[in-house]
Amino acid sequence: MAPKVLMVAEKPSIALSIASVLSGAQMSTQRGSTEVHEFDAMFLGSRAHYKVTSVIGHVFSVDFPAAFQDWTTTNPSDLFQAPILKKETNPKAHICRHLSQEARGCTHLVLWLDCDREGENICFEVIECTGFHASDSRRIYRARFSSVTEKDILKAMNSLAEPNRDEALSVDARQEIDLKVGVAFTRFQTSYFNGKYGNLDARVISYGPCQTPTLGFCVDRYLQITMFKPEKFWMLHPYIMYKGYELKLEWERSRLFDADVSAMFRNRIIEDGIMKVVRVSEKLESKARPSGLNTVNLLKVASSALGFGPQLTMQLAERLYTQGFISYPRTESTAYPSSFDFKGTLGALVHNPVFGAYAQKFLTESYNKPRAGTDAGDHPPITPMRSASEDSLGNDAWKLYQYICQHFLGTLSPDCKYRRIKVEFESGGEQFQCVGQLATVKGFTSIMPWLAISEKNLPEFAVGEKIEISKVELDEGNTSPPDYLSESELISLMEKHGIGTDASISVHINNICERNYVQVQAGRRLAPTPLGISLIRGYQCIDSDLCLPDIRSFIEHQITLVAKGQADHSMVVQHVLEQFRRKFSYFVKQIDNMDALFEAQFSPLSDSGRLLSKCGKCLRYMKYISTQPARLYCGTCEEVYYIPQKGTVKASLYKELTCPLDNFELLLCSMPGPEGKSFPLCPYCFNCPPFEGIDTFFGAPKTGDSTKLGKGVGMPCFLCPHTTCPHSVIAQGVCACPECSGTLVLDPVSAPKWRLYCNMCNCLVSLPEGAHRISTTQDKCPECDSTIIEVDFNKKTTPLKDGATLHKGCILCDELLHSLVEMKHGRSFSRHGRRGRGRGRGRGRGRGSTKQQDPKMSFRDF
DNA sequence: GCAAGGTC
């Protein structure tokens with residue numbers, strides 16, 4: 001039987017390249033989760049059928065099991081020993097199913113994942129999905145390629161190897177360590193600080209072994225700035241007039257920090273009055289052309305020269321790449337592969353209106369061999385692939401494309417050469433100099449003009465000449481602090497310390513912006529916020545390891561032992577986690593030290609917010625904190641009560657009305673929008689629902705579990721089954737909801753457009769408009785068990801005979817009332833089923849059995 | 001709600 005070979009790459013573009021090379025572009029392509037390219041060709045000496053497909057990065061990512069997902073019930077320190085599981089990274093893409101289907105009937109598997117540790121790890125993810133036996137070295141092969149070129153692909157096919165399990169395990173180790181450390185610290189910090197300060201506006205206060213050192217770099221610079229003490233200095237600048245030039249000479253001492261001494265030197269020069277030429281030297285200097293463009297350098301230039309953040313740059317680059325204008329934009333390599341087709345790339349640019357002439361010259365004459373650069377074995381440097389114009393790309397993409405073209409042409413240009421002439425002088429025992437520069441070969445600077453050397457002409461001097469000094473200036477200056485860290489400097493620091501990868505550096509920077517730890521200022525400089533500063537200073541005083549870049553190198557070093565087979569995977573994970581667990585428990589013990597910084601930076605809850613609602617325990621007013629998450633704070637009891645995160649809260653209508661269960665003053669909440677519900681709410685019950693068995697809470701997810709209440713999820717009065725309180729669903733409920741198992745409740749502040757709404761779904765029913773008052777009574781309809789309501793009509797518009805205004809009745813069975821009510825949302829309104837009032841447990845099943853029996857008894861047909 | 005790493 002002919003072998004059937006499944007080959008899997010890390011991304012669709014590489015699967016396409018491999019298939020094109022191995023099939024000689026004679027393949028058929030099927031769509032699927034990812035494309036599958038099929039063809040016949042030789043494999044290990046026999047004719048074989050090939051299928052080439054790909055994953056889209058990692059198939060799986062790690063997470064905690066459900067039992068550890070709940071912030072309120074899981075102690076973060078338990079996370080270090082918690083089990084972890086692998087979940088499909090993107091379940092909607094069905095990559096696992098795709099691989100399993102494609103592997104059916106295949107005799108061999110060839111793994112073409114990127115040749116780095118992550119790729120090695122994905123190899124085993126793929127093996128798992130395909131159902132091959134990981135140990136079957138006669139059927140599973142690893143293709144090792146250093147670039148996606150025909151030469152390297154063919155070479156890899158002829159030297160198939162085995163996947164490296166140790167390298168894959170090292171990635172497993174990193175994943176587990178990053179997850180456990182990051183999540184444990186993040187949950188602890190967030191829970192500790194969130195809600196503690198009035199003006200600390202943070203949804204989550206995250207920690208991570210990459211993002212935190214990244215923030216650390218920004219705060220370090222900020223601290224340098226604040227600690228900086230300016231010093232006065234003086235510079236001596238004699239001037240001479242010579243052959244028509246006025247020249248300002250530079251002092252060999254550059255500057256002095258002593259005013260008197262500087263003045264003394266100045267007097268000596270003035271006394272001497274003559275500059276003597278002691279030496280004239282000339283040197284040929286050169287400025288090297290760039291090597292190939294990699295991602296990190298692209299990010300740096302884009303940030304510092306184009307003003308684009310890394311996130312935007314990568315988005316633009318991705319678009320240019322998918323549209324075929326540039327090569328793959330995520331690469332570490334600055335060296336072109338030996339097989340790189342420079343002529344082809346230049347040819348693509350010859351018709352470009354901006355770069356065409358420059359490219360054409362290289363083709364007709366010749367071009368320089370690019371500098372060696374470094375080869376990371378991933379992708380070639382970023383180059384243009386196709387000509388584009390500003391009109392077709394749009395402004396930002398064009399700027400980036402333009403730079404990529406300029407850089408590419410720069411790499412093929414000669415170095416910039418220039419003559420540097422230095423003239424040295426002496427006067428009054430002091431040495432001075434002036435320097436001239438003249439370009440002899442512009443080289444790459446003619447296509448990258450911003451890198452050109454600044455030219456300066458000097459007249460010719462002869463040694464021994466004496467020239468009169470025209471004036472002497474003593475310039476005073478102040479040393480100045482550095483500026484905030486620029487994004488481009490930050491990228492360099494991250495690269496230097498191994499924080500993040502070419503693909504993730506932009507993510508970490510974006511992270512610390514989104515978490516409100518830093519703000520991007522003009523010129524893309526990163527100014528840390530009070531929150532960012534307090535965090536880093538907090539780590540520095542508790543355990544500075546936590547925010548130093550070494551924390552990443554430590555992890556990298558440890559997992560490298562696994563990758564090299566020098567240490568056992570689980571031993572290393574255990575060892576590293578144990579160290580972090582100790583650091584974590586020390587951090588928890590010392591959190592007061594960080595809190596002291598927060599106290600200095602942020603105002604305590606008791607100083608902010610307006611007074612709202614009396615606490616049922618101490619009977620004092622609580623404070624309303626409007627910043628997210630919205631909450632009430634009792635300064636006396638030091639308790640926080642969350643309230644619904646949407647809508648507004650007022651005390652007005654329910655002033656002095658208190659909850660019979662706990663004595664807390666009721667609030668009136670109004671959800672936003674013209675159809676938003678209004679309802680009373682007890683701050684205490686909302687946070688600590690007093691009745692068991694209520695499993696539908698306001699704001700809770702539909703599948704929510706009532707034992708796991710989050711912030712903003714709880715029991716407003718319309719869900720409360722209290723039997724005598726006038727605000728409970730027992731008192732305010734009118735009838736069963738026609739749409740769901742909820743109860744229609746009277747909206748207490750809906751006048752003059754009186755209405756009922758369902759306490760569980762969106763169902764809305766409008767009542768007679770313009771009534772003075774509508775209220776529920778304690779009576780029930782004998783026919784349908786709904787609550788009898790009482791309407792006090794307006795004298796002028798009353799529908800009652802003789803101008804009477806008071807009317808009691810059932811909204812379903814009373815003819816007059818029913819003619820005045822209208823269904824706003826929902827399909828039908830049956831009078832069947834027992835009314836809501838009887839549902840002592842808040843969620844009755846009254847309607848369930850009769851629901852389908854008489855569809856005609858709908859609201860409209862009534 | 002949480003990390004970092006792939007890639008889209």
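How do the residues of the surface near DNA strand B divide into nonpolar, polar and charged? Twelve are nonpolar, 17 polar and 13 charged. For the classes, Ala, Val, Leu, Ile, Met, Phe, Trp, Tyr, Cys and Pro count as nonpolar, Asp, Glu, Lys and Arg as charged, and the others, Gly among them, as polar.

Ground rules first. This is a predicted model, where local features need pLDDT of at least 70, side-chain atom pairs count only at pLDDT 80 or more, and totals for chains, interfaces and linings use all residues. Residues are numbered from 1 along each chain as its sequence is written, chains are lettered from A and ligands numbered from 1 in the order written, and side-chain values use heavy atoms, without hydrogens and water.

Now polar contacts, meaning N or O atoms within 3.5 Å of each other. A polar backbone atom of Cys210 sits 2.7 Å from a phosphate oxygen of DNA strand B. The side chain of Arg330 places an N or O atom 3.4 Å from a phosphate oxygen. Trp71 goes to a base: its side-chain N or O atom is 3.3 Å from a base nitrogen. Strand E5 (60-63) and helix H5 (165-193) are the elements giving two or more residues to this surface. H5 gives the most, nine residues. Helices (at least four residues) and strands (at least two) are DSSP runs, numbered from the N terminus.

Next, Glu120. The residue belongs to helix H3, residues 117-130. Buried or exposed? Glu120 is buried, at 1% relative accessible area. Buried is under 20%, exposed over 50%, partly exposed in between, with a 1.4 Å probe and protein chains only. Contacts here are heavy atoms within 4.5 Å. Beyond four places in sequence, Glu120 touches residues including Asp114, Arg142 and Arg144.

Last, aromatics. Rings of Phe, Tyr and Trp (its six-membered ring) pair with centres within 6.5 Å; planes under 30 degrees apart are stacked, over 60 edge-to-face, the rest tilted. The count is 36 aromatic pairs. Phe233 and Phe257 are edge-to-face, 6.1 Å centre to centre, with 70° between planes. They are 24 residues apart in the chain. Phe233 is buried at 7%, while Phe257 is partly exposed at 41%.

Conventions
Polar contact = N/O pair within 3.5 Å; in protein donor to acceptor, adjacent residues only side chain to side chain.
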